[in-house]
Amino acid sequence: MPALSVMFKTVSTDCNLDCAYCYSRESLEGTRVRRRLGMGLLERFIPAYMSYVADVKMASMSWQGGEPTLAGLSFFERVVAFQAAYAEPGTLISNALQTNAILLDEAWGKFLRRYNWLVGVSLDGPEEVHNALRTDRGGRGTFASVLRGIEVLRRHGVDFNVLCVLGPHNVWRASELMAFFRRQRITHVQFIPAMNFQAIQPDRPPVFLVTPAQYGAFLVEAFDAWYEAGSPVFSVRIFDNFVQSYLGVPNDMCVHADTCDAGIVVEWDGSAYPCDFYIHPGWKLGNVLDTPLAELASGVVRRAFIGQKVPWPEDCARCEWVRVCKTGCPRNRATVEGVLAPDYFCASYKQFFAHAQARLGELKLTIERKQRYLQVMESGSNRGAMAGRNDPCPCGSGRKHKVCCANPARSRSYLLGALPTP
């Protein structure tokens with residue numbers, strides 16, 4: 001069987017915050033109520049899942065909400081016990097937690113580090129920016145509580161990244177956000193535009209709280225701050241995705257991948273869906289309690305979902321950037337007067353690529369040359385062993401070794417070790 005990632009809606013839409021832009025403010029019944037993923041469900045699902053991935057020996061689970069930590073630490077301690085009990089020997093088990101970090105304490109820190117969980121923390125920027133829309137149920141800002149949670153992760157050496165939602169409160173502050181995350185020593189950031197529709201409304205036209213022009217301007221300004229003369233020092237996921245596309249390697253973000261294949265989403269009651277933005281009866285795959293996993297993963301509904309980027313909108317078929325944009329997200333398309341329109345942010349991407357294409361191409365060449373350099377040096381060939389500081393660099397750039405791959409300043413970028421060549 002092929003690898004399959006699973007996202008659990010651990011507590012459905014239940015949350016201890018009241019963020020103004022949340023795309024899960026309404027649950028499947030139209031109101032927030034208390035729901036929890038039950039142990040009985042996991043006792044049945046995890047053995048079946050581990051059997052499904054036994055051939056590839058890769059198990060990938062992510063835990064979201066609402067706010068998943070509301071399930072309690074003891075819930076997740078039982079999760080890892082089930083995983084260990086039913087995984088085939090040698091299986092690589094990865095877990096990711098998306099959280100607002102409010103409830104993280106020392107016990108959470110120890111657990112997350114012990115089991116090497118990756119944590120995503122929601123943080124929208126400096127205090128006055130973050131607190132504008134990310135408030136608790138009493139309307140109080142949550143910035144200080146989030147930073148306390150981040151410090152817990154740091155004290156325990158837990159790998160984490162930041163999810164920053166772009167809305168009217170921060171989309172015009174790209175340089176400020178980039179500087180803030182640098183000051184906070186954040187190494188990985190993902191920016192996502194705030195939606196003005198719910199996850200349970202896949203048929204509603206795509207409307208966001210930022211315009212295509214605003215998002216395009218944000219990407220341009222953020223890229224200029226990120227580029228660092230060709231040696232970016234912290235990861236911005238969308239820029240990484242575009243570099244992947246330039247290199248011709250598989251994109252790890254479904255929005256800019258060739259297909260809509262991001263695993264499955266399992267709700268608190270076992271209902272399974274192909275995407276977090278398609279929690280709707282029309283896209284229900286079945287229920288993990290009564291439908292075999294192989295059938296859920298390869299059934300008609302999921303196959304149709306995976307292939308829904310085709311046919312392309314006519315505008316995409318004519319676009320010079322489609323090879324790197326990959327038509328964006330089908331959820332963001334609309335039909336206008338009978339014609340399928342491109343992604344809501346199509347103009348944003350065109351603005352960005354027109355601005356960044358030369359430097360994206362340079363990054364591609366830099367990464368490919370670094371890969372060649374490492375291959376030569378590791379091969380033990382005379383070309384690598386005899387390369388002096390003033391000799392031509394073994395990567396083939398034509399520059400001197402000392403100012404090219406032997407220059408520590410040119411090797412400081414995370415990109416040189418993070419993105420493989422074809």
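## Helix 1 against helix 2

The axes of helix 1 (residues 39-52) and helix 2 (residues 73-86) cross at roughly 30° and come within 9 Å. Those axes are lines fitted to C-alpha atoms over the stretch in contact, with angles from 0 to 180 degrees between N-to-C directions. The crossing of helix 1 and helix 2 is right-handed, in the sense that the near helix is turned clockwise from the far one by less than a right angle.

Which residues of helix 1 and helix 2 meet? From helix 1 come Met 39, Leu 42, Glu 43, Ile 46, Pro 47 and Met 50, and from helix 2 Phe 75, Arg 78, Val 79, Phe 82, Gln 83 and Tyr 86; contact here means heavy atoms within 4.5 Å. Sorted by type, the residues of this contact give nine nonpolar, one polar and two charged. For that sorting, Ala, Val, Leu, Ile, Met, Phe, Trp, Tyr, Cys and Pro are nonpolar, Asp, Glu, Lys and Arg are charged, and the others, Gly among them, are polar.

## About the model

This is a predicted model, where local features need pLDDT of at least 70 and side-chain atom pairs pLDDT 80 or more, while totals for chains, interfaces and linings use all residues. Residues are numbered from 1 along each chain as its sequence is written, and side-chain values use heavy atoms, leaving out hydrogens and water. Helices (H or I, at least four residues) and strands (E, at least two) are DSSP runs, numbered from the N terminus.

Gly 65 and Gly 66 are joined by a cis peptide bond with omega about 5°, and Gly 66 sits in the loop between strand 2 (58-64) and helix 2. Another cis peptide bond joins Val 310 and Pro 311, with omega about 5°. Pro 311 belongs to the loop between helix 10 (300-306) and helix 11 (314-317).

Lys 57, in the loop between helix 1 and strand 2, has phi near 55°. Ala 101 has a positive phi of about 70° and lies in the loop between strand 3 (92-99) and helix 3 (106-114). Buried or exposed? Ala 101 is buried at 0% relative accessible area, while Lys 57 is partly exposed at 32%. The cut-offs are under 20% for buried, over 50% for exposed and in between for partly exposed, with a 1.4 Å probe and protein chains only.

## An aromatic pair

The count comes to 35 aromatic pairs, taking rings of Phe, Tyr and Trp (its six-membered ring) with centres within 6.5 Å; planes under 30 degrees apart are stacked, over 60 edge-to-face and the rest tilted. Phe 8 and Phe 45 form an edge-to-face pair, 5.5 Å centre to centre with 90° between the planes. This pair links distant parts of the chain, with Phe 8 in strand 1 (residues 5-9) and Phe 45 in helix 1, 37 residues apart. Phe 8 is buried at 0% relative accessibility, and Phe 45 is buried at 3%.

## Sequence versus space

Ala 297 is in helix 9 (residues 293-298) and is buried at 7% relative accessibility. Ala 297 and Pro 2 are 295 residues apart in sequence and 9.6 Å apart in space, C-alpha to C-alpha. Leaving out residues up to four places away in sequence, Ala 297 touches Leu 4, Tyr 52 and Arg 302.

Asp 276, in the loop between strand 9 (271-273) and strand 10 (286-287), is buried with a relative accessible area of 7%. Asp 276 and Asp 391 are 115 residues apart in sequence and 53 Å apart in space, C-alpha to C-alpha.
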